[in-house]
There are 2 protein chains.
Amino acid sequence: MPGSLENLIEALRCLPSVGPKSAQRMAYYLLQRERPGAQRLVDALTAALSRIRHCQRCNTFTEDECCERCSSAKRDPSLLCVVEMPVDLNMMEQTHAFNGLYYVLMGRLSPLDGIGPKELKLERLLERACDGAVKEVIMATNFTNEGEATAHYLSDLLHTRGIKVSRMARGLPVGGELEFTDAGTIAQAFYERRDY
Amino acid sequence: MPGSLENLIEALRCLPSVGPKSAQRMAYYLLQRERPGAQRLVDALTAALSRIRHCQRCNTFTEDECCERCSSAKRDPSLLCVVEMPVDLNMMEQTHAFNGLYYVLMGRLSPLDGIGPKELKLERLLERACDGAVKEVIMATNFTNEGEATAHYLSDLLHTRGIKVSRMARGLPVGGELEFTDAGTIAQAFYERRDY
(Lines give C-alpha, C1' and ligand atoms only; values in the text may rest on other atoms or scores of the structure.)
Protein backbone atom coordinates (compact mmCIF):
# COMPACT_ATOMS: atom_id res chain seq x y z
CA MET A 1 0.00 0.00 0.00
CA PRO A 2 1.40 3.48 -0.83
CA GLY A 3 2.56 5.44 2.23
CA SER A 4 0.16 8.35 1.74
CA LEU A 5 -2.77 5.90 1.57
CA GLU A 6 -1.66 4.24 4.81
CA ASN A 7 -1.34 7.67 6.44
CA LEU A 8 -4.81 8.64 5.25
CA ILE A 9 -6.32 5.46 6.74
CA GLU A 10 -4.53 6.14 10.03
CA ALA A 11 -5.65 9.80 10.04
CA LEU A 12 -9.31 8.91 9.38
CA ARG A 13 -9.30 6.96 12.64
CA CYS A 14 -9.43 10.24 14.57
CA LEU A 15 -13.14 10.34 13.64
CA PRO A 16 -15.44 9.02 16.37
CA SER A 17 -16.33 5.30 16.13
CA VAL A 18 -14.17 4.78 13.05
CA GLY A 19 -12.01 1.66 13.40
CA PRO A 20 -9.38 0.29 11.00
CA LYS A 21 -11.95 -1.39 8.70
CA SER A 22 -14.19 1.68 8.29
CA ALA A 23 -11.15 3.92 7.89
CA GLN A 24 -9.89 1.72 5.04
CA ARG A 25 -13.33 1.75 3.42
CA MET A 26 -13.55 5.55 3.71
CA ALA A 27 -10.06 6.07 2.27
CA TYR A 28 -10.70 3.86 -0.75
CA TYR A 29 -14.13 5.40 -1.26
CA LEU A 30 -12.76 8.95 -1.22
CA LEU A 31 -9.93 8.16 -3.62
CA GLN A 32 -12.01 6.01 -5.95
CA ARG A 33 -15.22 8.00 -6.18
CA GLU A 34 -15.17 11.17 -4.16
CA ARG A 35 -12.03 13.17 -4.88
CA PRO A 36 -14.01 16.45 -5.22
CA GLY A 37 -15.77 15.67 -1.92
CA ALA A 38 -12.44 14.93 -0.26
CA GLN A 39 -11.11 18.28 -1.43
CA ARG A 40 -14.22 20.02 -0.08
CA LEU A 41 -13.65 18.22 3.23
CA VAL A 42 -10.04 19.47 3.36
CA ASP A 43 -11.22 23.03 2.72
CA ALA A 44 -14.08 22.87 5.23
CA LEU A 45 -11.86 21.36 7.95
CA THR A 46 -9.14 23.93 7.35
CA ALA A 47 -11.66 26.80 7.48
CA ALA A 48 -13.37 25.46 10.61
CA LEU A 49 -10.05 24.87 12.42
CA SER A 50 -8.88 28.40 11.72
CA ARG A 51 -12.18 30.28 12.16
CA ILE A 52 -14.04 28.57 14.96
CA ARG A 53 -13.31 29.74 18.48
CA HIS A 54 -15.18 30.08 21.75
CA CYS A 55 -17.63 32.88 22.53
CA GLN A 56 -16.14 35.20 25.14
CA ARG A 57 -19.41 35.23 27.02
CA CYS A 58 -20.89 31.72 26.81
CA ASN A 59 -18.01 29.56 25.51
CA THR A 60 -19.91 28.06 22.60
CA PHE A 61 -18.45 27.77 19.09
CA THR A 62 -18.53 30.97 17.09
CA GLU A 63 -16.58 32.79 14.40
CA ASP A 64 -16.88 36.13 16.24
CA GLU A 65 -15.73 37.57 19.54
CA CYS A 66 -19.20 37.08 20.96
CA CYS A 67 -21.75 34.63 19.51
CA GLU A 68 -24.98 35.74 17.79
CA ARG A 69 -27.08 34.49 20.66
CA CYS A 70 -25.20 36.42 23.35
CA SER A 71 -25.34 39.62 21.22
CA SER A 72 -29.03 39.23 20.40
CA ALA A 73 -31.59 41.57 21.98
CA LYS A 74 -34.33 38.99 21.42
CA ARG A 75 -33.07 36.52 24.02
CA ASP A 76 -34.12 36.74 27.65
CA PRO A 77 -31.03 37.60 29.75
CA SER A 78 -32.74 36.63 33.02
CA LEU A 79 -32.50 32.89 32.22
CA LEU A 80 -29.07 31.21 32.04
CA CYS A 81 -28.89 27.59 30.95
CA VAL A 82 -25.70 25.68 31.86
CA VAL A 83 -24.70 22.83 29.51
CA GLU A 84 -21.57 20.69 29.25
CA MET A 85 -20.71 21.00 25.56
CA PRO A 86 -21.60 23.07 22.45
CA VAL A 87 -23.40 20.04 21.04
CA ASP A 88 -25.73 20.07 24.08
CA LEU A 89 -26.52 23.73 23.45
CA ASN A 90 -27.35 22.80 19.88
CA MET A 91 -29.74 20.07 21.02
CA MET A 92 -31.46 22.52 23.40
CA GLU A 93 -31.84 25.09 20.61
CA GLN A 94 -33.43 22.53 18.31
CA THR A 95 -36.31 22.19 20.78
CA HIS A 96 -37.21 25.92 20.41
CA ALA A 97 -38.38 25.60 24.05
CA PHE A 98 -35.83 27.98 25.55
CA ASN A 99 -35.30 31.65 24.80
CA GLY A 100 -32.70 32.59 27.42
CA LEU A 101 -28.91 32.57 27.26
CA TYR A 102 -26.40 29.78 27.74
CA TYR A 103 -23.15 29.01 29.47
CA VAL A 104 -21.10 26.11 28.10
CA LEU A 105 -18.83 24.51 30.70
CA MET A 106 -16.68 22.74 28.07
CA GLY A 107 -16.58 19.69 30.31
CA ARG A 108 -17.82 18.37 33.62
CA LEU A 109 -16.38 17.80 37.07
CA SER A 110 -14.43 14.56 36.84
CA PRO A 111 -12.01 14.10 39.75
CA LEU A 112 -10.71 10.80 38.32
CA ASP A 113 -9.54 12.66 35.21
CA GLY A 114 -8.18 15.52 37.31
CA ILE A 115 -10.93 17.93 36.30
CA GLY A 116 -12.01 19.99 39.30
CA PRO A 117 -13.69 23.40 39.75
CA LYS A 118 -10.45 25.17 38.84
CA GLU A 119 -9.99 23.29 35.53
CA LEU A 120 -13.60 24.08 34.56
CA LYS A 121 -13.06 27.74 35.50
CA LEU A 122 -16.30 27.77 37.51
CA GLU A 123 -15.35 31.20 38.89
CA ARG A 124 -16.08 32.61 35.44
CA LEU A 125 -19.57 31.08 35.46
CA LEU A 126 -20.24 32.48 38.95
CA GLU A 127 -19.26 35.97 37.78
CA ARG A 128 -21.50 35.56 34.75
CA ALA A 129 -24.43 34.38 36.88
CA CYS A 130 -24.01 37.27 39.33
CA ASP A 131 -24.09 40.02 36.66
CA GLY A 132 -27.41 41.26 38.01
CA ALA A 133 -29.48 40.36 34.95
CA VAL A 134 -29.64 36.61 35.61
CA LYS A 135 -32.65 35.61 37.74
CA GLU A 136 -32.52 31.84 37.32
CA VAL A 137 -29.82 29.35 36.37
CA ILE A 138 -31.09 26.16 34.73
CA MET A 139 -28.76 23.18 35.08
CA ALA A 140 -28.83 21.16 31.87
CA THR A 141 -25.71 19.05 32.37
CA ASN A 142 -26.11 15.39 31.44
CA PHE A 143 -27.86 12.92 33.76
CA THR A 144 -24.70 10.87 34.13
CA ASN A 145 -22.93 10.56 37.48
CA GLU A 146 -20.46 13.28 36.55
CA GLY A 147 -23.10 15.58 35.07
CA GLU A 148 -25.26 15.19 38.19
CA ALA A 149 -22.30 15.87 40.49
CA THR A 150 -21.43 18.98 38.47
CA ALA A 151 -25.02 20.28 38.67
CA HIS A 152 -25.12 19.57 42.41
CA TYR A 153 -21.81 21.29 43.12
CA LEU A 154 -22.70 24.31 41.02
CA SER A 155 -26.16 24.72 42.51
CA ASP A 156 -24.61 24.81 46.02
CA LEU A 157 -22.24 27.59 44.94
CA LEU A 158 -25.05 29.56 43.29
CA HIS A 159 -27.44 29.15 46.22
CA THR A 160 -24.91 30.69 48.61
CA ARG A 161 -24.90 33.71 46.28
CA GLY A 162 -28.68 33.90 46.47
CA ILE A 163 -29.38 32.85 42.91
CA LYS A 164 -32.34 30.64 42.02
CA VAL A 165 -31.23 27.35 40.46
CA SER A 166 -33.33 24.72 38.71
CA ARG A 167 -32.59 21.37 37.10
CA MET A 168 -34.02 19.79 33.93
CA ALA A 169 -36.77 17.29 34.81
CA ARG A 170 -36.10 13.57 34.86
CA GLY A 171 -38.76 11.11 33.75
CA LEU A 172 -40.04 8.98 30.92
CA PRO A 173 -39.26 10.10 27.37
CA VAL A 174 -42.11 11.35 25.19
CA GLY A 175 -43.72 8.27 23.63
CA GLY A 176 -41.99 6.09 26.25
CA GLU A 177 -43.63 2.90 27.50
CA LEU A 178 -43.17 1.64 31.06
CA GLU A 179 -42.49 -1.87 29.77
CA PHE A 180 -39.36 -0.76 27.93
CA THR A 181 -38.05 1.82 30.41
CA ASP A 182 -35.30 1.08 32.94
CA ALA A 183 -36.23 0.85 36.63
CA GLY A 184 -34.13 3.88 37.63
CA THR A 185 -35.98 6.17 35.24
CA ILE A 186 -39.38 4.82 36.32
CA ALA A 187 -38.45 5.36 39.99
CA GLN A 188 -37.41 8.98 39.27
CA ALA A 189 -40.60 9.62 37.29
CA PHE A 190 -42.53 8.28 40.28
CA TYR A 191 -40.72 10.40 42.90
CA GLU A 192 -41.00 13.52 40.77
CA ARG A 193 -44.65 12.99 39.77
CA ARG A 194 -46.68 16.15 39.19
CA ASP A 195 -50.17 17.03 40.33
CA TYR A 196 -52.69 16.60 37.55
CA MET B 1 -24.56 27.69 14.08
CA PRO B 2 -21.44 29.40 12.62
CA GLY B 3 -21.17 29.08 8.82
CA SER B 4 -17.87 27.22 8.84
CA LEU B 5 -19.33 24.63 11.25
CA GLU B 6 -22.33 24.12 8.98
CA ASN B 7 -20.01 23.75 5.98
CA LEU B 8 -17.89 21.21 7.86
CA ILE B 9 -20.97 19.12 8.72
CA GLU B 10 -22.07 19.24 5.08
CA ALA B 11 -18.56 18.31 3.85
CA LEU B 12 -18.29 15.33 6.22
CA ARG B 13 -21.32 13.82 4.50
CA CYS B 14 -19.14 12.90 1.53
CA LEU B 15 -17.85 10.01 3.69
CA PRO B 16 -19.60 6.70 3.03
CA SER B 17 -22.60 5.93 5.27
CA VAL B 18 -22.35 9.26 7.10
CA GLY B 19 -25.74 10.97 7.37
CA PRO B 20 -26.60 14.36 8.88
CA LYS B 21 -26.61 13.08 12.49
CA SER B 22 -23.22 11.33 12.31
CA ALA B 23 -21.73 14.26 10.41
CA GLN B 24 -22.83 16.63 13.18
CA ARG B 25 -21.40 14.29 15.81
CA MET B 26 -18.08 14.06 13.95
CA ALA B 27 -17.82 17.83 13.48
CA TYR B 28 -18.44 18.58 17.17
CA TYR B 29 -16.11 15.79 18.23
CA LEU B 30 -13.27 17.05 16.04
CA LEU B 31 -13.65 20.67 17.19
CA GLN B 32 -14.18 19.81 20.86
CA ARG B 33 -11.60 17.09 21.41
CA GLU B 34 -9.58 16.30 18.31
CA ARG B 35 -8.23 19.48 16.75
CA PRO B 36 -4.74 17.94 16.30
CA GLY B 37 -6.33 14.84 14.74
CA ALA B 38 -8.42 17.04 12.43
CA GLN B 39 -5.25 18.84 11.31
CA ARG B 40 -3.54 15.48 10.67
CA LEU B 41 -6.59 14.45 8.62
CA VAL B 42 -6.33 17.64 6.52
CA ASP B 43 -2.63 16.95 5.88
CA ALA B 44 -3.15 13.26 5.09
CA LEU B 45 -6.05 13.96 2.72
CA THR B 46 -4.13 16.71 0.95
CA ALA B 47 -1.07 14.46 0.56
CA ALA B 48 -3.12 11.49 -0.65
CA LEU B 49 -5.09 13.60 -3.14
CA SER B 50 -1.94 15.04 -4.66
CA ARG B 51 0.31 11.94 -4.55
CA ILE B 52 -1.90 8.96 -5.26
CA ARG B 53 -2.39 8.03 -8.89
CA HIS B 54 -2.98 4.87 -10.89
CA CYS B 55 -0.25 2.37 -11.79
CA GLN B 56 0.45 2.56 -15.53
CA ARG B 57 0.44 -1.22 -15.73
CA CYS B 58 -2.27 -2.51 -13.37
CA ASN B 59 -4.30 0.63 -12.53
CA THR B 60 -4.07 0.24 -8.75
CA PHE B 61 -3.27 3.14 -6.42
CA THR B 62 0.39 4.04 -6.26
CA GLU B 63 2.65 7.04 -5.73
CA ASP B 64 4.97 5.99 -8.57
CA GLU B 65 4.69 5.52 -12.33
CA CYS B 66 4.45 1.77 -11.83
CA CYS B 67 3.41 0.12 -8.54
CA GLU B 68 5.78 -1.95 -6.40
CA ARG B 69 3.99 -5.17 -7.28
CA CYS B 70 4.24 -4.67 -11.04
CA SER B 71 7.93 -3.76 -10.73
CA SER B 72 8.74 -6.69 -8.43
CA ALA B 73 10.76 -9.65 -9.73
CA LYS B 74 9.29 -11.89 -7.02
CA ARG B 75 5.78 -11.98 -8.48
CA ASP B 76 4.76 -14.58 -11.04
CA PRO B 77 4.01 -12.76 -14.34
CA SER B 78 2.23 -15.80 -15.82
CA LEU B 79 -0.84 -15.26 -13.59
CA LEU B 80 -3.01 -12.17 -14.05
CA CYS B 81 -5.84 -11.58 -11.61
CA VAL B 82 -8.60 -9.18 -12.73
CA VAL B 83 -10.42 -7.27 -9.97
CA GLU B 84 -12.91 -4.40 -10.04
CA MET B 85 -11.35 -1.95 -7.59
CA PRO B 86 -8.09 -1.28 -5.69
CA VAL B 87 -9.82 -2.31 -2.46
CA ASP B 88 -10.50 -5.75 -3.98
CA LEU B 89 -6.82 -6.11 -4.82
CA ASN B 90 -6.05 -5.23 -1.23
CA MET B 91 -8.40 -7.93 0.05
CA MET B 92 -6.78 -10.51 -2.28
CA GLU B 93 -3.30 -9.53 -1.07
CA GLN B 94 -4.31 -9.94 2.56
CA THR B 95 -4.98 -13.64 1.90
CA HIS B 96 -1.31 -14.22 0.87
CA ALA B 97 -2.78 -16.90 -1.42
CA PHE B 98 -1.82 -15.29 -4.72
CA ASN B 99 1.63 -14.42 -6.01
CA GLY B 100 0.84 -13.28 -9.55
CA LEU B 101 0.07 -9.83 -10.91
CA TYR B 102 -3.17 -7.85 -11.05
CA TYR B 103 -5.24 -5.76 -13.37
CA VAL B 104 -7.73 -3.37 -11.77
CA LEU B 105 -10.70 -2.55 -14.02
CA MET B 106 -11.69 0.54 -11.98
CA GLY B 107 -15.32 -0.45 -12.40
CA ARG B 108 -17.53 -3.09 -13.96
CA LEU B 109 -19.74 -3.36 -17.02
CA SER B 110 -22.96 -1.59 -16.14
CA PRO B 111 -25.07 -0.75 -19.20
CA LEU B 112 -27.71 1.01 -17.09
CA ASP B 113 -25.05 3.50 -15.92
CA GLY B 114 -23.65 3.81 -19.43
CA ILE B 115 -20.48 1.85 -18.61
CA GLY B 116 -19.62 -0.44 -21.51
CA PRO B 117 -16.40 -2.10 -22.76
CA LYS B 118 -15.16 1.25 -24.12
CA GLU B 119 -15.62 3.12 -20.83
CA LEU B 120 -13.74 0.35 -18.97
CA LYS B 121 -10.96 0.46 -21.60
CA LEU B 122 -11.04 -3.31 -21.92
CA GLU B 123 -8.74 -3.04 -24.95
CA ARG B 124 -5.95 -2.12 -22.55
CA LEU B 125 -6.56 -5.25 -20.49
CA LEU B 126 -6.56 -7.40 -23.64
CA GLU B 127 -3.20 -5.93 -24.68
CA ARG B 128 -1.86 -6.55 -21.19
CA ALA B 129 -3.13 -10.16 -21.17
CA CYS B 130 -1.62 -10.85 -24.62
CA ASP B 131 1.90 -9.67 -23.70
CA GLY B 132 3.21 -13.22 -24.05
CA ALA B 133 4.07 -13.69 -20.34
CA VAL B 134 0.48 -14.20 -19.11
CA LYS B 135 -0.59 -17.86 -19.16
CA GLU B 136 -3.79 -17.62 -17.15
CA VAL B 137 -6.22 -14.83 -16.35
CA ILE B 138 -8.14 -15.27 -13.10
CA MET B 139 -11.45 -13.40 -12.93
CA ALA B 140 -11.95 -12.04 -9.43
CA THR B 141 -14.71 -9.53 -10.13
CA ASN B 142 -17.52 -9.52 -7.57
CA PHE B 143 -20.24 -12.16 -7.60
CA THR B 144 -22.91 -9.54 -8.22
CA ASN B 145 -24.90 -9.51 -11.46
CA GLU B 146 -22.66 -6.83 -12.93
CA GLY B 147 -19.45 -8.48 -11.75
CA GLU B 148 -20.57 -11.82 -13.19
CA ALA B 149 -21.51 -10.20 -16.51
CA THR B 150 -18.12 -8.47 -16.65
CA ALA B 151 -16.28 -11.75 -15.98
CA HIS B 152 -18.36 -13.55 -18.59
CA TYR B 153 -17.85 -10.89 -21.26
CA LEU B 154 -14.10 -10.67 -20.60
CA SER B 155 -13.60 -14.43 -20.59
CA ASP B 156 -15.23 -14.65 -24.05
CA LEU B 157 -12.86 -11.98 -25.40
CA LEU B 158 -9.83 -13.70 -23.86
CA HIS B 159 -10.85 -17.18 -25.07
CA THR B 160 -10.98 -15.97 -28.69
CA ARG B 161 -7.35 -14.86 -28.21
CA GLY B 162 -6.44 -18.34 -26.93
CA ILE B 163 -5.80 -17.35 -23.33
CA LYS B 164 -6.78 -19.62 -20.45
CA VAL B 165 -9.32 -17.97 -18.15
CA SER B 166 -10.51 -19.10 -14.72
CA ARG B 167 -13.02 -17.76 -12.21
CA MET B 168 -12.86 -17.62 -8.40
CA ALA B 169 -14.83 -20.50 -6.87
CA ARG B 170 -18.30 -19.96 -5.48
CA GLY B 171 -19.50 -21.85 -2.44
CA LEU B 172 -19.99 -21.70 1.29
CA PRO B 173 -17.75 -19.37 3.30
CA VAL B 174 -15.16 -20.91 5.62
CA GLY B 175 -16.96 -21.64 8.90
CA GLY B 176 -20.30 -21.36 7.09
CA GLU B 177 -23.29 -23.42 8.19
CA LEU B 178 -25.93 -24.66 5.76
CA GLU B 179 -28.69 -23.50 8.09
CA PHE B 180 -27.65 -19.88 7.78
CA THR B 181 -26.62 -19.81 4.12
CA ASP B 182 -28.87 -18.53 1.34
CA ALA B 183 -30.33 -21.04 -1.12
CA GLY B 184 -28.48 -19.61 -4.13
CA THR B 185 -25.09 -20.11 -2.50
CA ILE B 186 -25.98 -23.66 -1.39
CA ALA B 187 -27.15 -24.49 -4.92
CA GLN B 188 -23.87 -23.18 -6.40
CA ALA B 189 -21.82 -25.10 -3.84
CA PHE B 190 -23.78 -28.21 -4.84
CA TYR B 191 -23.32 -27.75 -8.62
CA GLU B 192 -19.63 -26.98 -8.22
CA ARG B 193 -18.93 -29.79 -5.73
CA ARG B 194 -15.44 -31.28 -5.86
CA ASP B 195 -14.34 -34.92 -5.78
CA TYR B 196 -13.11 -35.88 -2.37
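Predicted model: local features only at pLDDT ≥ 70, side-chain atom pairs only at ≥ 80, totals over all residues.
**View 1. The meeting of chain A and chain B.** The contact draws 51 residues from chain B and 51 residues from chain A. About 4,600 Å² is buried between the two chains, and carbon and sulfur atoms give 69% of that area. Eleven may be a handy count to keep in mind here: there are 11 residue pairs in polar contact between chain B and chain A, with both residues at pLDDT 80 or more.

**View 2. The side of chain B that touches chain A.** Which elements of chain B each supply at least two residues to this side? They are α1 (3-12), α2, α3 (35-51), β2 (61-62) and α5 (86-94) of chain B. The largest share comes from α3(B), with 14 residues. Sorted by class, this side of chain B has 30 nonpolar, 12 polar and nine charged residues.

**View 3. Helix α5 of chain A against helix α2 of chain B.** Here we look at one pair of helices from the two chains. The axes of α5(A), residues 86-95, and α2(B), residues 20-33, come within 10 Å of each other and cross at roughly 140 degrees. On the α5(A) side, the contact is made by A:P86, A:V87, A:N90, A:M91 and A:Q94. Facing them from α2(B) are B:K21, B:Q24, B:Y28 and B:Q32. By class, this contact has four nonpolar, four polar and one charged residues.

**View 4. Helix α2 of chain A against helix α5 of chain B.** Now for the pair formed by α2(A), residues 20-33, and α5(B). At what angle do their axes cross? The crossing is at roughly 140 degrees, and the axes come within 10 Å. From α2(A), the residues making the contact are A:K21, A:Q24, A:Y28 and A:Q32. From α5(B), they are B:P86, B:V87, B:N90, B:M91 and B:Q94. These residues divide into four nonpolar, four polar and one charged.

**View 5. The domains of chain A.** Stepping back to chain A, the domain assignment gives domain 1 as 9-19 + 27-51 and domain 2 as 54-167. Taken over C-alpha atoms, the centres of domain 1 and domain 2 of chain A are 32 Å apart.

**View 6. A salt bridge between A:R108 and A:E84.** Over all chains, the whole structure holds 18 salt bridges. One pair to look for is A:R108 with A:E84, whose closest N and O atoms are 2.6 Å apart.

**View 7. B:T185 and its surroundings.** B:T185 lies in helix α8 of chain B, residues 183-191. Its side chain joins that of B:D182 in a polar contact of 2.6 Å. Leaving aside residues up to four places away in sequence, B:T185 touches B:G171 and B:L172. The C-alpha atoms of B:T185 and B:L172 are separated by 6.5 Å, although these residues are 13 apart along the chain.

**View 8. A:S71 in helix α4.** Our last stop is A:S71, found in helix α4 of chain A, residues 68-71. A polar atom of the A:S71 side chain lies 2.6 Å from the backbone oxygen of A:C67. A:L101 is 30 residues from A:S71 along the chain, and their C-alpha atoms are separated by 9.9 Å.

Notes:
Residues numbered from 1 in each chain as written. Chains lettered and ligands numbered in written order. Heavy atoms only, no water. Axes fitted to C-alpha atoms, helices over the stretch in contact; angles between N-to-C directions. Helix = DSSP H or I, 4+ residues; strand = E, 2+ residues; numbered from the N terminus. Contact = heavy atoms within 4.5 Å. Nonpolar A, V, L, I, M, F, W, Y, C, P; charged D, E, K, R; others polar. Buried area = accessible area lost by both parts, 1.4 Å probe. Polar contact = N/O pair within 3.5 Å; in protein donor to acceptor, adjacent residues only side chain to side chain. Domains from an automatic or database assignment. Salt bridge = Lys/Arg side-chain N within 4 Å of Asp/Glu carboxyl O.
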